[in-house]
Amino acid sequence: MAYKDLLYDKSERVATVTFNRPDRMNAWTRRMDGELREAMLDANNDPDVGAVIVTGAGRAYCAGADLDGLSKIADGSESVDDGRSRSAEGEFAEKLGSNYRGRFSWLLALHKPVIAAINGACVGMGFTHSLYFDIRIASERARMGLIFVRRGLAIEHGSSWMLPRIVGVANAVDLAITGRLVDAQEALRMGLVSKVVAPEQLIPTARELAKEIATQCSPLGVAHAKRLIYGHLFTDLATAMAEEEESIGVMTRSEDFKEGVKAFLEKRAPRFSGR
């Protein structure tokens, strides 16, 4: 696919997706939505990719939905349905349960770990989709918030379910009903991001973490861990324990397990195959 609204690069077992509308603060478009889906599914299917980074070009991460599209919805010339992209498509989508078929919830079903490197404004739609990534690292210049109530809207696309599970109910309600932006340090205190770094260190820090996962961790183990953690947000403890026992059975018969033990005993870096 020829990308226009984002850049897509793969090197050293890390795929990097960069929203690339810096003149519009990387405002969200239907084309960007489709391109993100294509890039993420390509990375997910590539055995040479062990982790994914998502960031923004210029001074913003993603400043929300493009105002041209919002204006058309506001004046009635375009409906919300016209601007609603489908979730993941094809064979990948056919395997997803109903909880993973939403606008962004399909991102939780990706096998590869996804790190958001939030370099600036992360607002509205930009904020919403970042909740579905596994790890969020912020630049000191980052500003994050839902902002919807300040535009005559409300929380969207599963944020009312995801956000309390990340920052707790009190913080989620605060962000949702005030529409205020929080700076990087407040986002860190809330647990919205896991680390705050200087702007020039954001991508190197994200790449270091992504490369560590991609080269030191079993792809099969990572995929199982993600599936179990997200899947068990919908289940009880007994189900979680039973499914983890099943996972142990699979993992202990895997080539990755044999390689992990052998590499540890030989005091060398593992060479995992994902099998």
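Phe-257, Val-261, Phe-264 and Leu-265 form a nonpolar patch on the surface, and together they expose about 450 Å² of accessible area. This is a predicted model. The protein chain has eleven helices and ten strands. Of its 275 residues, 48% are buried.

- Leu-265, one of the patch residues, sits in helix 11, which covers residues 255-265.
- Leu-265 counts as exposed because its relative accessibility is 61%, and the cut-off for exposed is over 50%.
- In soluble globular proteins, nonpolar side chains tend to be buried together. Here, Phe-257, Val-261, Phe-264 and Leu-265 make a nonpolar patch on the surface instead.
- Which residues of helix 11 are buried? They are Asp-256, Glu-259 and Ala-263. Seen down the axis of helix 11, these buried residues fall within an arc of 65°, so they line one face of the helix.
- An α-helix has 3.6 residues a turn, so residues three or four places apart point the same way.
- Phe-264 and Leu-265 are exposed residues on the face of helix 11 turned away from its buried side.
- Helix 9 (219-231) is among the elements that cover the buried residues of helix 11.
- Just after helix 11, Lys-267 takes a positive phi of about 55°.

**Nonpolar cores**
- The largest nonpolar core has 53 residues. Those with the most contacts inside this core are Met-40, Val-52, Val-54, Tyr-61, Phe-127, Met-144 and Leu-163.
- Helix 1 (residues 30-45) gives this core its largest share, six residues.
- A second, separate core has ten residues, including Ile-137, Val-197, Leu-202 and Ala-210.

**Salt bridges**
- Side chains of opposite charge can pair when their charged atoms come close. The model has 15 salt bridges.
- Asp-42 and Lys-10 meet through their side chains in a salt bridge, at 2.9 Å from N to O. This pair links distant parts of the chain: Asp-42 is in helix 1, Lys-10 is in strand 1 (residues 6-11), and they are 32 residues apart.
- Asp-42 is partly exposed at 30% relative accessibility. Lys-10 is also partly exposed, with a relative accessible area of 38%.
- Lys-226 and Asp-134 form a salt bridge, again with 2.9 Å from N to O. Lys-226 lies in helix 9 and Asp-134 in the loop between helix 4 (125-130) and strand 7 (135-139), so the pair ties together parts that are 92 residues apart in sequence.
- Is Lys-226 buried or exposed? Lys-226 is buried, because its relative accessible area is 8% and the cut-off for buried is under 20%. Its partner Asp-134 is partly exposed, with a relative accessible area of 21%.
- Arg-180 and Asp-174 meet in a salt bridge at 3.0 Å, N to O. Arg-180 is partly exposed at 23% relative accessibility, and Asp-174 is partly exposed with a relative accessible area of 23%.
- Salt bridges that share partners join Lys-10, Asp-42 and Asp-46 into one network.

**Whole chain**
- The accessible surface of the protein chain comes to about 13,800 Å². Carbon and sulfur atoms account for 53% of that surface.

Notes: Residues numbered from 1 in each chain as written. Predicted model: local features only at pLDDT ≥ 70, side-chain atom pairs only at ≥ 80, totals over all residues. Heavy atoms only, no water. Patch = residues over 30% accessible without salt bridge, like charges linked within 9 Å, V, L, I, M, F, W, Y side chains within 5 Å. Areas by Shrake-Rupley, 256 points an atom, 1.4 Å probe, with all protein chains shown as cover. Salt bridge = Lys/Arg side-chain N within 4 Å of Asp/Glu carboxyl O. Helix = DSSP H or I, 4+ residues; strand = E, 2+ residues; numbered from the N terminus. Buried < 20%, exposed > 50% of the residue type's maximum accessible area, 1.4 Å probe, protein only. Arc of directions from axis to C-beta. Contact = heavy atoms within 4.5 Å. Core = buried A, V, L, I, M, F, W, Y, C linked by side-chain atoms within 4.5 Å.
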